[in-house]
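User: I have just opened this one and would like a walk through it. Could you start with the terms I will need?

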Amino acid sequence: MEQPLHKTMVDPMLAEMGRNLNDAMKILENGQKEADEDSGQRRPSWRDIPGPLQGDGQDVASILQLVQNLMHDDEDKQSHRRMQYVGEQGHMALLGHSLAAYISVLDRDRLRKLTTRILSDTTLWLCRLFRYENGSVYYHEDDREGLVKVCRLVINARYEEYSTEGFTALSSKQPVIYQSAACRSGLGQHLCSQLGLPLSSLCTVPCNTMFGSQHQIDVALLDKLIKEDVDTGKVPLLLIANAGTPGAGHTDKLGRLKELCVQYNIWLHVEGVNLATLALGQVTSPVMAATKSDSMTLTPGPWLGLPAVPAVTLYRHEDPALSLAAGLTSSQPVEKLRALPLWLSLQYLGHDGIVQRIKNATQLSQQLLEHLKTLALIKTSAGVSHSRLPLLAGSSLRDVLGSLILSIVEDELNSPVVVFRFSQDTSAASSGGSLEGYFPGEKEVQDALNRWLGEELAQQVPSSGVDVVELEDEGTCVRFNPLMTAAVLGTQESDIKALVEKLTDVVPLLSSTLRFRQDFREEIHHQAALTYIEDLSWPGLGAIRYEPQCEQDDDNKRQQDVERINGDMLKKLMELDADISFSTGPEFGNETNCIYVGLATEDLDVAELVQTIAATGRDLEESSKLLENMTEVVRKGILEAEAQLQKANEEKLMEEGVLRQIPLVGSVLNWFSPTQMSIKGQTFSLVAGSLDSTESTYAMKTQTGTTPDTPTSTGKRLPGQKLFRRSAAGSDTYSETSSVGQAEEMPRETTPLPPASEEGVTEPPQEELATSDSSLPEVQRQPDGQESEVDSIR
């Protein structure tokens, strides 16, 4: 950006502004790298605390340093946070805001001339780029503000007395605003609040239930509702349609809706992410119908990766006075400077650059969709919609009509938004996301697994931009919306491959978890001390609680025991060498004192897992009982030990006499006549609670020889195999492998045992027989197989 400023003759103020912006961006971007390197080392300072304004002014570098610290202070807390990629086009958008402040101080005539040129150019470019002929443009920060202004325009056009009488002009004939059930949440309520209309003026039209997508507005039902409102004296005012619903990215039947709006004199407003595809060379027919609407709202900022760029509402209306009254146009030149950042950015990108960014986003969605089709347990939104076709009598008729309907549905669902979810049917009758065939609670469990899947993918592959979305019919799904995230995050084809690889790794875990969840519950019921906690929102095998078997009259004491034992169990289970995870569950969960078991692998041994958990709880409970019993035993033992020590002191006094107890006299007496009594040590046993002599301990220490090694118990696991895994081979193969492994682990210094004879009697090695002592009896083998001792001795 600096090179053109030096080569061409520009205003020195503009050149300095560009250089200052570049310097500021470099400081802030370098702060991102420093925060990554010094994460966790920076300590809070007094500058992080809000305080009074300083009397002396600060330089630009100090202020930018403060901004940098505030921006990157919590980097260590949000390590996987997705940061927007700000490129050269982003710098142009940021420069536009600086230029707007600079241009606003020009004289009125020059300001009016400049703003008129900026507004005319941007309007012409946007209308041609998105195929919207003879349109006007309104720029706004809030993407809902354009719809509010358009609705105010329609009210002024339909109610001539509204400008003078206000709300009283609406009381005789109540206006009605129609919106799809798939619209943005809270959009209709916000519209009524800004316009001062009652919520009864808002009519939410349900989506399709039989044919087509369940995210598209039901046109037949809308027609019926409009007729009913007209018959009751209401005024149908405006219809909000979608070219890309916020959830699934589906497009309404805009052509049919436009005909309906023309029939009843209703204003048609369209919004949605699919409107970005109007800039491409080939546009699907449902989206192309949006160009015939009365108004539509665009969000070029996220589509093109432009920060701080306003949203745009294109509309058609012949009366400029009504547009001015509605706030769509302004007589103030400063208001027109909102288009300046977009004016600069569009020139920097050019027509080809804009089209290429949108095309790249659509290609990314197609690549992901092709990969998802190869995964058996992953269903996309289009696949779910296909399953809603009604069953027709006769296979041939159903095949013909079904293929025709599917082709229509696929054309309508050709969206750059990809919505998918993990779905594993338990019944052959259920297919494609239908809720039939689920056991109670299975849909909630699958929603929890898909919620975990979306969060895991977003954390592992942050550049992909996937997120979790809740759909009414499908449930919890994972959404990939590259038009809103690809340009912002810099998503590449490698991110799609990484996303698919991660999906390939985690889908088997989700499948085995869902398959073993019922088995895990049944195994828990077989253990008297374990209680299964029903938590359908947990993405794992489930939650359990160990209940102590001892009888406790005090509920508080019992609750403390439950909390202590389950806490200790969790610590011990987390130390095990296993693939499965154990945790305390959700941070704000309803259940307490529970152990949540995570995702299961395909070779998980559920029975061994439950038995290990139960055995761990029993050991902890027995240890607790032993400790409680030992407390009383130790207390009594201490009293008895004190009595024994007192008795021993008295015996010593009686045996040695009183004179030996006097310090000076005793020393002289012991020197002339030393005592022959040996000092007896004593030890206190915490287990038995008694005072014992140390003679046996010293006797064991002085013994020579080594104790025989105890044979190592053979476990059920193969060498290197983790806990709770089923062995792939059979038990025979496992035994042979275990024997070989034990033989290899035997120390080399140990002399191997001699081979056994056929009769089971051990024969000494040949070397030992040759060098054996002559006093040993000679053993001979008799013909009948018996052994006898020779009378003569060598």
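Analyst: For sorting residues by kind, Ala, Val, Leu, Ile, Met, Phe, Trp, Tyr, Cys and Pro count as nonpolar, Asp, Glu, Lys and Arg as charged, and the others, Gly among them, as polar. This is a predicted model, in which local features need pLDDT of at least 70 and side-chain atom pairs count only at pLDDT 80 or more, while totals for chains, interfaces and linings use all residues. Residues are numbered from 1 along each chain as its sequence is written, and side-chain values use heavy atoms, with hydrogens and water left out.

User: How many cavities of 30 Å³ or more does the search find?

Analyst: The search of the whole structure finds 3 of them. A cavity here is a set of points, on a 1 Å grid over the protein atoms alone, where a 1.4 Å probe fits but cannot get out, and lining residues have an atom within 4 Å of a point. Grid points are joined across faces, edges and corners, and a volume is the space filled by probe spheres set on the points.

User: Which residues line the largest cavity?

Analyst: The lining consists of Ala578, Asp579, Ile580, Leu599, Ala600, Thr601, Leu604, Leu723, Phe724 and Arg725, and it divides into 7 nonpolar, 1 polar and 2 charged residues. The space inside the largest cavity is about 60 Å³.

User: Zooming out, how many helices and strands does the chain have?

Analyst: The protein chain has 26 helices and 19 strands, taken as DSSP runs numbered from the N terminus (helices are H or I with at least four residues, strands are E with at least two). Of its 794 residues, 40% are buried, where buried means under 20% relative accessible area, exposed over 50%, and partly exposed in between, with a 1.4 Å probe and protein chains only.

User: What about contacts across the sequence?

Analyst: Counting contacts (heavy atoms within 4.5 Å) between residues at least 6 apart in sequence, 70% join residues at least 24 apart.

User: Is helix α6 mostly covered or mostly open?

Analyst: Helix α6 is mostly covered, with 10 of its 14 residues buried, among them Gly146, Lys149, Cys151 and Asn156.

User: Now the loops: where is Leu337, and what does Leu337 touch?

Analyst: Leu337 lies in the loop between α14 (320–326) and α15 (340–372), and it counts as buried because its relative accessibility is 5%. Leaving aside neighbours within four places in sequence, Leu337 is in contact with Ala100, Ile103, Ser104, Leu111 and Thr115. Leu337 and Ala100 are 237 residues apart in sequence, yet 6.0 Å apart in space, C-alpha to C-alpha.

User: Which residues does Arg184 touch?

Analyst: Not counting residues up to four places away in sequence, Arg184 touches Asp143, Arg144, Pro246 and Glu271. Arg184 is in the loop between β2 (175–180) and α9 (187–195), and it counts as partly exposed because its relative accessibility is 23%.

User: What is phi for Asn134?

Analyst: Phi of Asn134 is near 55°, a positive value in a residue other than glycine. Asn134 sits in the loop between α5 (108–129) and β1 (136–140) and is exposed, with a relative accessible area of 74%.

Methods
1 Å grid on protein atoms, 1.4 Å probe; cavity = no way out; pocket = protein on both sides within 12 Å on 5 of 7 lines; lining within 4 Å.
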